[in-house]
Amino acid sequence: MTTYVLRHGQRNYSRRYLVNGDPPKPIRLSEEGRRSLNKGWSSVPLHSVKTWPASESPRAQQTANLLMGVPGPELITDPRLNELDYGEFEGNPFLEYAVWLDGHGAHERPPGGSESQREGIRRMLTGVLAALEHPGPRVLVAHGLLVSVLLWHRDRAPGETMPLFFPEAPYVEPVAIPDVELPDFIGTLMNDLETDVQDRTGGIGDWGIFRTGDGSAVATVDSVSPSHSQDQKDLPHA
């Protein structure tokens, strides 16, 4: 069996580079986001999917419901799959949070937030691992940060340590992990979270650089999806 983890469809918040980790906020898919769900039929065997866990966010649940069709299996809401709690940065441009994160690090909680970046990642990973408790194949509909972390781990270089900023996560393009590999896949990432040392001195290569108004580079985003042009690029936490 296989577990497929994907990011929800596009929303207008994403196009404006605003962060949203508050599940009750009624932010739903844009028209373009709904149309993009058609790609799910070519990348996931949707008719054979037995379990559909999703975060509490309306955009994730809307994505799952549209993909599974009607009638479909019962949707499982798992708050462990929620996006990061941004605290006082909620609803603001991603770069404001990125500047703060760059200065304070991945283990400090933002003002008004309930978790650090690393604590949020750990929570999300426990939600992915818990999917094995349900029949497979299964599709987990989550958010940008989780999918970005999984993509980074899948493609990481030998000995590479977990970075502060991750590659961009494409919309509705699943990361497929065979069940026999999932415990080790998640276990390695959990072990990474115990390591505080981060190698942030390497070259940026082909990554795009996002800058503040004074030109300071605060985040790098790898273009992993050919469907994203540079001027439409979303940010990894948005």
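Buried residues, meaning those under 20% relative accessible area, with exposed residues over 50% and partly exposed ones in between (1.4 Å probe, protein chains only), make up 53% of the 238 residues in the protein chain. The model is a predicted one, in which local features need pLDDT of at least 70 and side-chain atom pairs count only at pLDDT 80 or more, whereas totals for chains, interfaces and linings use all residues. Residues are numbered from 1 along each chain as its sequence is written, and side-chain values use heavy atoms, with hydrogens and water left out.

The secondary structure of the protein chain comes to eight helices and seven strands, where helices (H or I, at least four residues) and strands (E, at least two) are DSSP runs numbered from the N terminus. Among contacts, defined as heavy atoms within 4.5 Å, between residues at least 6 apart in sequence, 73% join residues at least 24 apart. The accessible surface of the chain, calculated by the Shrake-Rupley method with a 1.4 Å probe and with only the protein chains shown counting as cover for residues, comes to about 10,500 Å², of which 51% belongs to carbon and sulfur atoms.

Two packed helices are described by the angle between their axes and the distance between the axes. Here the axes are lines fitted to C-alpha atoms, for helices over the stretch in contact, and the angles run from 0 to 180 degrees between N-to-C directions. The axes of helix 6 (residues 117-130) and helix 8 (residues 182-193) come within 10 Å and cross at roughly 165 degrees. Helix 6 and helix 8 are therefore roughly antiparallel to each other, given that angles under 35 degrees count as roughly parallel, over 145 as roughly antiparallel, 65 to 115 as roughly perpendicular and the rest as oblique. On the side of helix 6 the contact is made by Arg-118, Ile-121, Arg-122, Leu-125, Thr-126, Val-128 and Leu-129, and on the side of helix 8 by Leu-182, Pro-183, Ile-186, Leu-189, Met-190 and Leu-193. By class, this contact has ten nonpolar, one polar and two charged residues, where Ala, Val, Leu, Ile, Met, Phe, Trp, Tyr, Cys and Pro count as nonpolar, Asp, Glu, Lys and Arg as charged, and the others, Gly among them, as polar.

The axes of helix 6 and helix 7 (residues 144-155) also come within 10 Å, crossing at roughly 80 degrees, and these two helices are therefore roughly perpendicular to each other. In this contact, Gln-117, Ile-121, Met-124, Leu-125 and Val-128 of helix 6 meet Leu-145, Leu-146, Val-149 and Leu-150 of helix 7, which gives eight nonpolar, one polar and no charged residues.

Eight of the eleven residues of helix 4 (residues 58-68) are buried, so this helix is largely enclosed by the rest of the structure. The buried residues include Arg-59, Gln-62 and Leu-67, and helix 4 is followed by Gly-69, whose phi is positive, near 80 degrees.

Two loop residues complete the description. Val-172, found in the loop between helix 7 and strand 5 (175-178), has a positive phi of about 50 degrees although it is not a glycine. At 0% relative accessibility, Val-172 counts as buried, and its C-alpha atom is separated by 6.5 Å from that of Leu-37, 135 residues apart along the chain. Pro-137 lies in the loop between helix 6 and strand 4 (138-142) and is joined to Gly-136 by a cis peptide bond, with omega about -5 degrees.
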